[in-house]
Every structure is written in structure tokens, then in C-alpha cells.
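Student: I would like to learn how to read a protein model. Can you take me through one, feature by feature?

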Amino acid sequence: MQPRNMSMSGVVDLAAVKAAQEAKAKAEQTRAETARQGGAGAVSPADLVIDVDEAGFEREVLQRSAEVPVVIDFWAEWCQPCKQLSPVLERLAVEYNGRFLLAKIDVDANQMLMQQFGVQGIPAVFAVVAGQALPLFQGAAGEAQIRQTLDQLVQVAEQRFGLTGLSVDPDAEPGGRPEAAAAEPVGPYDGLLEAAVQALDAGDFGGAVQAYQNVLADDPGNSEAKLGLAQAELLQRVGGMDPQQVRKEAADRPGDVEAQIAVADLDLVGGHVEDAFGRLIDTVQRTAGDDRDAARMRLVELFEVVGPDDPRVAAARRALARALF
């Protein structure tokens with residue numbers, strides 16, 4: 001792909017509008033709360049470059065952008081320009097010594113984030129400042145251009161939002177920052193999770209969905225609740241289906257995206273994982289607009305049901321990336 005520069009004017013425009021003032025106030029409130037709890041502490045140079053997924057995005061990017069600009073590197077293993085750009089960004093993250101945090105997002109494994117940021121091709125680099133997202137550049141840009149962009153970013157972050165960055169201790173152990181503790185559940189959820197399981201066992205899928213949603217409302221990164229919610233929603237969807245009729249409609253109307261999605265749900269519940277994934281990937285390939293997005297989003301939901309560590313999910317994510325690009 002040809003590099004396409006993205007203007008940094010979005011940073012300045014952002015600082016000029018009311019939303020920026022609200023973001024600044026929230027950032028100041030967050031820093032005050034951090035200070036009240038004893039401060040964020042120093043991080044090691046290794047902690048300046050982190051891998052982020054959909055589950056940890058709110059915690060590692062949105063929340064941390066209240067204390068430091070977060071630069072996002074969208075990449076993939078198969079992307080050759082990414083292999084040129086990513087090492088430069090990683091080296092500069094350490095060189096800038098805490099003035100920004102580099103978050104690396106694998107688009108194959110995080111299709112929803114790629115869609116939310118409107119990424120059309122990779123490598124693509126964005127930033128989040130005080131919860132506000134903005135594009136930086138796309139393509140394998142030169143180091144001089146990258147430095148200029150980063151200099152503008154940290155300057156605006158400091159002057160407009162008061163973000164002075166992280167304190168870096170070269171002797172600190174990697175992964176030792178207090179924020180790592182935030183990965184643990186923030187409250188006791190055993191009762192709610194048990195209630196959700198009991199609701200599933202009783203066939204009360206709506207009750208199970210609500211119980212899991214209650215957990216996620218307080219702890220969005222709770223992996224058990226995310227998996228349970230995906231499973232409960234799937235069972236709720238297929239509960240009222242006539243499998244024979246659904247499959248007939250899909251066969252009679254191959255262009256009906258909703259019909260193909262319904263059969264994919266049935267396939268997954270029946271244990272035909274590859275069939276479900278393959279049907280939706282085929283649907284993504286031959287559709288566009290809202291239809292394509294509906295098929296893609298359902299596929300991502302089914303990934304949650306099966307689990308990110310399943311090799312069938314990894315293979316389907318790669319196939320989906322090829323279908324989208």
C-alpha cells in the first residue's frame with residue numbers, strides 16, 4: 001500500500017473545542033485520584049511498549065491516556081511495511097522516556113478495534129489523548145516525519161491537557177507498575193457469576209445475559225463474564241429457531257445476510273465451528289456496507305464464544321483479515 005499521511009491538525013482542532021476541555025477536566029480528575037492513592041509510580045523502559053487487545057483496551061489505552069499520550073500501532077504479522085515501522089516506534093517510545101506510551105494492536109486478533117478506528121489499511125498509527133482519539137499517519141513513514149509528529153503530539157498533550165508523561169526508572173522490573181493490578185477484578189463477582197450459570201442451567205438465557213452484563217458494567221475486562229455473555233446470547237438467539245426452516249431459508253436465499261448469520265449460529269451451537277466461521281467469512285467477502293459489517297460483527301461475537309486460544313479462531317481471524325483487505 002502507498003503511505004498516506006494523516007494531518008496532525010486534528011490534535012489542535014481537538015484542543016479548541018468543548019470536548020477537549022471536558023477531556024482535560026477528566027484527565028485532571030484521574031491524575032488527582034491517582035495522586036490521592038499514592039501516585040502511579042515509575043515504570044521500566046520495557047513497560048513503554050505494550051500489546052493491547054479488545055478486552056484490555058479500555059484499561060490500557062483509554063484510562064491510561066489520562067496520564068500519558070497513548071500511540072496506537074495497528075499491525076499484522078503478514079504486513080511487511082509494519083515490520084519496518086514497528087521497530088522504529090518501539091525504539092522511539094523508549095527514547096522519548098515516558099512522554100508517550102506505545103500500544104500495539106494486532107488487527108488479525110482485534111477486528112472490532114480496527115473497525116472502530118476506521119482503519120482502511122496497515123500500518124496505521126493513531127493516538128489517544130485524555131480519552132480522545134485522533135489519526136497520526138498511515139504507511140511506513142520516515143523517521144524524521146515520525147519524530148515531528150510525536151513532538152507535536154507530546155507538546156499538545158502537555159500544553160492543552162497537562163499530560164507530562166510517565167516516570168521511567170531504568171532499574172524497575174518490567175510489568176511492575178501498579179496499573180497491572182487493575183487487570184484483576186475490581187469487586188467480588190462470584191455471586192453474580194454463579195447466578196448466571198444457574199440461569200443458563202435452567203434455560204433462562206435472558207437472566208443469564210443480564211447477570212453477565214451486570215458484571216461487565218463494573219468490570220469490562222472480566223474474561224469469564226465476557227465468555228459467558230457471548231455463550232448466553234448465542235443460546236438466547238437460537239432458542240426460538242426452527243433449525244430446518246432456518247437452513248431452508250438460507251439455502252433458498254444465499255444473498256440474505258440475516259439468514260446466513262442465523263445458520264452460522266446454529267452451526268456453532270451444533271459444534272460445527274469451521275462451518276460457522278466459513279459461512280460468515282464467505283458472507284463478508286461477497287457483501288458490502290451494513291451487510292458486511294453485520295456478518296463481521298457476528299463472526300467476532302462467535303470468536304468470543306469459542307475462545308481466543310482456539311486455533312480455529314486464529315485461522316478464521318486471518319481469513320477474515322484477508323476478506324476485509
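Tutor: We will go from the whole chain to single residues. This is a predicted model: local features need pLDDT of at least 70, side-chain atom pairs count only at pLDDT 80 or more, and totals for chains, interfaces and linings use all residues. Residues are numbered from 1 along each chain as its sequence is written, and side-chain values use heavy atoms, with hydrogens and water left out.

Student: How many helices and strands does the protein chain have?

Tutor: Start with the rule. Helices (H or I, at least four residues) and strands (E, at least two) are DSSP runs, numbered from the N terminus. Here the protein chain has 14 helices and 6 strands.

Student: What share of the residues is buried?

Tutor: Buried means under 20% relative accessible area, exposed means over 50%, and partly exposed lies in between (1.4 Å probe, protein chains only). Of the 325 residues in the protein chain, 45% are buried.

Student: How do I read contacts along the chain?

Tutor: A contact means heavy atoms within 4.5 Å. Take the contacts with a separation of 6 or more: residues 24 or more positions apart account for 73% of them.

Student: Which cysteines form a disulfide?

Tutor: A disulfide is a pair of cysteine sulfur atoms within 2.5 Å. The count by this rule is 1. C79 and C82 form it, with their sulfur atoms 2.4 Å apart. The link is right-handed, with 80° about the S-S bond.

Student: Why do C79 and C82 count as buried?

Tutor: C79 counts as buried because its relative accessibility is 3%. C82 counts as buried because its relative accessibility is 2%.

Student: How do I read a core?

Tutor: A nonpolar core is a set of buried Ala, Val, Leu, Ile, Met, Phe, Trp, Tyr and Cys residues joined through side-chain atoms within 4.5 Å. The largest one has 58 residues, and I72, F74 and F277 touch the most other members. Helix α11 (residues 257-269) gives the most to this core, with 8 residues. A second, separate core of 24 residues includes Y96, L102, V125 and A141.

Student: What does F74 touch?

Tutor: Leave out residues up to four places away in sequence. Then F74 touches, among others, C82, I105, L113, F117, I122 and P123.

Student: Where does P123 lie?

Tutor: P123 is in the loop between α5 and β5 (124-129). Look at the peptide bond from I122 to P123: this bond is cis, with omega near 0°.

Student: How do I read helix α14?

Tutor: Compare its length with the expected span, which is 1.5 Å times one less than the number of residues. Helix α14 (residues 311-324) has 14 residues and reaches 20 Å from its first C-alpha to its last, close to the 20 Å expected. Its buried residues include V313, A316, L320 and L324. Among the elements that cover the buried residues are α12 (273-286) and α13 (289-306).

Student: Is each one buried or partly exposed?

Tutor: N97 counts as partly exposed because its relative accessibility is 46%. A130 is buried, with a relative accessible area of 11%.
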